Amino acid sequence: MVTPRDQRLIESSPNADFAPGWYVVASSKEVGAKPRRFFFNGLPLVTFRDTRGECVALLDRCAHRNAPLSAGQVVGDHIQCLYHGWEFDGAGTCRAVPGLCGEPDHPARRVPSFACRDSQGWVWVYSEPNIEPDGGPYHIPCADEPGYLTIREHLTMPGPLDAVAENALDVPHTAFVHAGLFRKNKDRRPIEVVIRALTDGVEAEFIGERRPEGLAGRLLAPQGGEVFHWDRFLLPCIAQVEYRLGDRSHLVTTAALTPRDATVTDIFATVAVKVPIPNLALRTVFKPVAMRILHQDTEILRRQTEQVQRFGKEEFASTEIDVLGLRIKKLLREAAAGKRATAQEERRIKMLV
Amino acid sequence: MVTPRDQRLIESSPNADFAPGWYVVASSKEVGAKPRRFFFNGLPLVTFRDTRGECVALLDRCAHRNAPLSAGQVVGDHIQCLYHGWEFDGAGTCRAVPGLCGEPDHPARRVPSFACRDSQGWVWVYSEPNIEPDGGPYHIPCADEPGYLTIREHLTMPGPLDAVAENALDVPHTAFVHAGLFRKNKDRRPIEVVIRALTDGVEAEFIGERRPEGLAGRLLAPQGGEVFHWDRFLLPCIAQVEYRLGDRSHLVTTAALTPRDATVTDIFATVAVKVPIPNLALRTVFKPVAMRILHQDTEILRRQTEQVQRFGKEEFASTEIDVLGLRIKKLLREAAAGKRATAQEERRIKMLV
Amino acid sequence: MVTPRDQRLIESSPNADFAPGWYVVASSKEVGAKPRRFFFNGLPLVTFRDTRGECVALLDRCAHRNAPLSAGQVVGDHIQCLYHGWEFDGAGTCRAVPGLCGEPDHPARRVPSFACRDSQGWVWVYSEPNIEPDGGPYHIPCADEPGYLTIREHLTMPGPLDAVAENALDVPHTAFVHAGLFRKNKDRRPIEVVIRALTDGVEAEFIGERRPEGLAGRLLAPQGGEVFHWDRFLLPCIAQVEYRLGDRSHLVTTAALTPRDATVTDIFATVAVKVPIPNLALRTVFKPVAMRILHQDTEILRRQTEQVQRFGKEEFASTEIDVLGLRIKKLLREAAAGKRATAQEERRIKMLV
């Protein structure tokens, strides 16, 4: 049940085009018996584990005098405020008002609570308070499956969710921002891109692509071979890049994006990779290359975000090779407005890669 | 006389619920022949003493090009602007325009002036410009009376006036924020609290209280005995805690609260204490204990204020043991709107202490 | 041609009373083949030289995803964005969209361009995008003429353009802010000031002035003699002080003022001076005196600007000896509104100097 007060809470959040659903807020091992504050679309929430090991999430604001509950402590299954010692259970019900003769529970003394789940190494929180959602969090493909090296990383990017998603799924920038790592701006040849709607999402399939140039390509497919490549966005927050190179190499990078506020996005990335080289060698090379790519993307996103803030709004021109950016914005806008995604026909374009 | 321009000045100040009256702005010894700037509900004012030793207070803004008068110097009974040398007397009248052939005084060249008094070691300023108020500043009880050790301190707290006043007069938080100094959250027993209206104020009397636990209690009443305890708020700005322990110990802490702006409050505290231990011993122990308490209150007020700023407003739930907080807000709101305090019946509640 | 999008751009700039025209944005030698970002009334622009050595200026925002073009590089006559490699020529036309099969040029992919000229050692930019103005930049008198030592300096002042212009052309403040360098606040005698309209400007002529007191006076006119002194403001941005002392000394300081944003103004100053002392001696003494004056003006402008920001608006009272300040504001306001300057009669006043 969303009360009017909770509704106002949501509407005051900074990002207008915020799609309801499950979002990652931390790795499972980061959440324990100590309260942990995080920001979720501008709202401070607090998460902790109760005595059964279940993670819970509440608005990080005591119902009494608005102190942050995360500054208090967990007492049994309750979180205790540091100001007057009020205690709340995982459902946000007030369980103690020290000094009061009488019942602590009262509707005005409840703290909004958010459904919270452990799944595949991450803690997921549902975006709307005080409801029990029908479905569960997104299932990340290939993670921890036999033969797959699985790497999890938490990063923070200076940009709104849609800009970070577009950047993560954008092919043309790689020849410039990551010059020498993926592709070069020379010897280009046309490939075909098929853009098709998925349930609550969109996918671009790249047909006829050569093995990526440079170090990243040699790392992912040392043996060469045919390249299959898909980029996907899935509501509310999943940006996914999948590569198959020949029979033996398979890479799925699934980034769960969480808006910290209107201009900062957390990335909770799961990389599942199967390649015919030893995992130890892969790990050794993968990390520095991935870090260099991420550093380059961080820099350009920071610049872009500063510009949009300075001018007060985005003023974007797009071409047909911006295959996913506008679709991501549309999906988010419709989901935020409570509408189902409008049907989109399959579209095929040529791109010089 | 409040001119329309002065009225706009007051309305532009940041704290909507600002009660008119006398406020402390400095200790008497801090104000001399050198101009001293201070902030009063968001407005910069300047205070200095004239050649007769009288303190005066003006808006700290030259009528000419708005330079801060406090950056200039006192010349005889006038304050001289550092930009073009304009001079103003203690009433804000322009007395010199260097270079001008003709009369310096003109209505457009006046600077708003504020009634200003020395009283009991503090400089008090009346909140409305250009009027001579009927009454004088509040009289602080017991200060400098025979047998009383009197200590004055100026502190700054990160919170609005009403939150600082509630914190200063609040009993339930002491078992948590000051755990071990006053009271503990165990072995509680019910006491009676009588809440009664005073002229332009409100008082809570605590009946049946044990001597405070912990160090503060042992300090204030080494001999034990019956405890009398009152907490009071008096418009516009006085928060007062009075303890009588047996016949021989008496403590009155009077905090004059001045809003520096909407989220920072200056506390000008006068502690008058009579106890059967030597003043030197009292001074030695009192300061570190008081500083520890104040540091703990500063931390919680800072957290509370940050939360309210982040959410854009207070969202407070109260219980009957929040005996003064809502009454303080109501008194301030009514005084700010120019209304007399509405009659409040005496109320008795039980509190576990 | 100003498109509706360009018009919105201009209207979103921070300074409402911004007069159209030519402004200096850098010294000619600061602009080369490397892109250089600067701020012009709140807008980031980028300037660079093409292969023919001509300087060009564009809005510093890629039409595609709004990255700053200044973070990219100059490739031939184009500037290339660092995000996706889009290229723009000096007119703002899109010349390359790497990866796109088809024509890069499209109206939505144009970047606003600003007319740009080298003149007298400075790079001047016209304030309105996408038009070729009829006239050229202001001609600075005496600069680089035979017999004149010419000094150019770029400074930054903490104040809006009109406050910086008034300060630069204001006589009465010199006895206070620059006490001991120009004039003193004693032994004053009346002189006559004639204030007359110029085409798109205003001039104050000071008649009967003694040689300035103090070090600055001795420096400018070691031989004494009759003093002629004019202060001028010329739309949109020229503040000029001219002194003739006897037959042999002549000083014209021409400050081209460029609003960086609503509260910071760049000063591009050209000092042309002819005095009967060796240029080397002049240079040696001039710089420290000028720097001291400028430091003093910086301090007072910073204080004034902070005050106006704090109160949210200017609340200025003026007298007849504020000979140019109100006229400068009126000229800027009328020019910003697209009106011709209203006719002003010649006015004569007395001032004690």
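This is a predicted model: local features need pLDDT of at least 70, side-chain atom pairs count only at pLDDT 80 or more; totals for chains, interfaces and linings use all residues.
Chain A, in turn, is superposed on chain C by a rotation of 120° with 0.1 Å of shift along its axis, here with an RMSD of 0.1 Å.

The chains also touch one another. Where chain B meets chain A, 25 residues of chain B are in contact with 21 residues of chain A. On the chain B side, α4 (279–311) and β19 (347–352) each supply at least two residues. The most comes from α4(B), which gives 7 residues to the side of chain B that touches chain A. Sorted by class, the residues on this side of chain B are 14 nonpolar, 6 polar and 5 charged.

Attention now turns to the inside of a single chain. Chain A is divided into domain 1, covering residues 14–126, and domain 2, covering residues 149–352. The C-alpha centres of these two domains of chain A lie 33 Å apart. The domains are in contact through 18 residues of domain 1 of chain A and 17 residues of domain 2 of chain A. On the domain 1 side, β1 (22–27) and β2 of chain A are the elements that give two or more residues. The largest share of that side, 4 residues, comes from β1(A). By class, the side of domain 1 of chain A that touches domain 2 of chain A has 11 nonpolar, 6 polar and 1 charged residues.

The model also has a nonpolar core to explore. Of the 228 residues in the largest nonpolar core, V125(A), V125(B) and V125(C) touch the most other members. Leaving aside neighbours within four places in sequence, V125(A) is in contact with Y23(A), V25(A), F40(A), L45(A), A57(A), F114(A) and C116(A).

Strands β2 (residues 36–40) and β3 (residues 43–49) of chain A pair in the antiparallel sense over 5 bridges. Within this pairing, R37(A) stands opposite V46(A) in β3(A). The two strands form a hairpin with 2 residues between them, and N41(A) in the turn has a positive phi of about 55°.

That turn leads on to the backbone angles. Most residues other than glycine have a negative phi, and most peptide bonds are trans. In chain B, N41(B) has a positive phi near 55° and lies in the loop between β2 (36–40) and β3 (43–49). N41(B) counts as partly exposed because 18 other C-beta atoms lie within 10 Å. Another residue with a positive phi is N66(A), whose value is near 70°. N66(A) is placed in the loop between β4 (55–59) and β5 (73–75) of chain A. N66(A) has 25 C-beta neighbours inside 10 Å and therefore counts as buried.

Finally, there are cis peptide bonds to point out. In chain A, a cis peptide bond joins L235(A) and P236(A), with omega about 0°. P236(A) lies in the loop between β15 (227–234) and β16 (238–245) of chain A. In chain C, the peptide bond from L235(C) to P236(C) is cis, with omega near 0°. P236(C) is found in the loop between β15 (227–234) and β16 (238–245) of chain C.

Definitions and conventions
Residues are numbered from 1 along each chain as its sequence is written. Chains are lettered from A and ligands numbered from 1 in the order in which they are written. A residue is buried if 20 or more other C-beta atoms lie within 10 Å of its own, exposed if 12 or fewer, and partly exposed in between; C-beta atoms are placed from the backbone. Two residues are in contact if their C-beta atoms, placed from the backbone, lie within 7 Å. Ala, Val, Leu, Ile, Met, Phe, Trp, Tyr, Cys and Pro count as nonpolar, Asp, Glu, Lys and Arg as charged, and the others, Gly among them, as polar. A nonpolar core is a set of buried Ala, Val, Leu, Ile, Met, Phe, Trp, Tyr and Cys residues joined through C-beta atoms within 7 Å. Two strands pair if DSSP finds at least two bridges between them. Copies are superposed by least squares on the C-alpha atoms of residues with pLDDT of at least 70 in both. Domain bounds come from an automatic or database domain assignment.
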